[in-house]
Amino acid sequence: PVDTGTARFDLVFEVADDAAGGDGMTVTATARTDMFTADTTQWIADELAQSMALLNTFLDQVLAENDLKADRLALVGFSQGTMMSLHVGPRRTQQLAGIVGFSGALIWPEKLQAEIRTKPPVVLAHGTADEVVPAAATESAAKALSAAGIDCRVKMIPGMQHGIDGSGAAFGAEFLTKVLR
């Protein structure tokens, strides 16, 4: 786990694969009742599950519309996009070509080993001066991904804040050129 300092909200989500065995997911939320009503907590959990389902549906549509197999598709994300890519990618039923993540984190790293279905290679780039998503989040993600058997390379960019610079973009482009050959 990554120490992110003081949390603004006491709200925990648990995400699991759909019991039917497809690419869907179920979300369970636990929240402090003095901060969130049950209705609000349920709404947030439903929105998160819907976002993940929409991403999977979108990916399936892109593959079908372009007559591509999953191993010809790579996910590229920045910040929350990285989080979604790292969460959804390894849980898909068909192996993706790879995942590129900038300034992000792995959501629920402790669940990855139990929920992983495929092992797309991953590269992560992160600025050491990032105050939005601490660089330690990428280090933690890389550790969890590697422990799950996913090939993961990391580029830490000294002094960079929350963003993507030329060296990070080049790192991602080199990876994409390799995995999409």
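Q: How many bridges join S4 to S5, and which way do they run?

A: In general, strands of a sheet pair through backbone hydrogen bonds, either parallel or antiparallel. Two strands count as paired if DSSP finds at least two bridges between them. Here S4 (residues 98-102) and S5 run parallel and are joined by four bridges. In this pairing, Gly 101 stands opposite Leu 124 in S5.

Q: What about the pairs S3 with S4 and S5 with S6?

A: Five bridges link S3 and S4 in the parallel sense, with Phe 78 opposite Phe 102 in S4. S5 and S6 are parallel too, over six bridges, and Val 122 has Cys 152 in S6 as its bridge partner.

Q: In what order do the strands of the open sheet stand?

A: The order is S3-S4-S5-S6, an open sheet of four strands with parallel pairing. Strand S3 (74-78) and strand S6 (152-157) are at the edges with a single partner strand each, so one side of each has no neighbour in the sheet. On average, neighbouring strands of this sheet are turned by 10° against each other, direction ignored. Helix H2 packs on the sheet, where H2 touches S3, S4 and S5, and its direction makes about 145° with that of S3. Such angles run from 0 to 180 degrees between N-to-C directions, with axes fitted as lines to C-alpha atoms, for helices over the stretch in contact.

Q: Which helix lies across S3, S4, S5 and S6?

A: That is H5 (residues 166-179), which runs at about 165° to S6.

Q: Are the faces of S4 covered or open?

A: The idea first: in a regular strand the side chains alternate between the two faces of the sheet. In S4, Gly 98, Val 100 and Phe 102 are on one side and Ile 99 and Gly 101 on the other, and all are buried. Buried means under 20% relative accessible area, exposed over 50%, and partly exposed in between (1.4 Å probe, protein chains only). H2 is mostly covered as well, with seven of its nine residues buried, including Met 83, Leu 86 and Val 88. Across the 181 residues of the protein, 43% count as buried.

Q: Where is Trp 108, and is it buried or exposed?

A: Trp 108 is in the loop between S4 and H3, and counts as buried because its relative accessibility is 14%. Its C-alpha atom is 9.7 Å from that of Ala 144, 36 residues apart along the chain.

Q: What makes up the largest nonpolar core?

A: A nonpolar core is a set of buried Ala, Val, Leu, Ile, Met, Phe, Trp, Tyr and Cys residues joined through side-chain atoms within 4.5 Å. The largest one here has 30 residues, and Leu 86, Leu 106, Val 122, Leu 124 and Leu 145 have the most contacts inside it. Helix H1 (38-65), helix H2 (80-88), strand S5 (122-127) and helix H4 (135-147) each give two or more residues to this core. H4 gives the most, with five residues. Apart from this core lies another, of ten residues, among them Ala 97, Phe 102, Ala 125 and Ile 157.

Q: How far can I trust the model, judging by its mean pLDDT?

A: pLDDT is the predictor's confidence in each residue, from 0 to 100. The mean for this protein is 84, and 77% of its residues reach 70 or more. Over residues 1-9 the pLDDT is below 50, and beyond near neighbours in sequence this stretch has seven contacts (heavy atoms within 4.5 Å) in the model. Where pLDDT is low, the predicted coordinates should not be read in detail.

Definitions and conventions. Residues numbered from 1 in each chain as written. Predicted model: local features only at pLDDT ≥ 70, side-chain atom pairs only at ≥ 80, totals over all residues. Heavy atoms only, no water.
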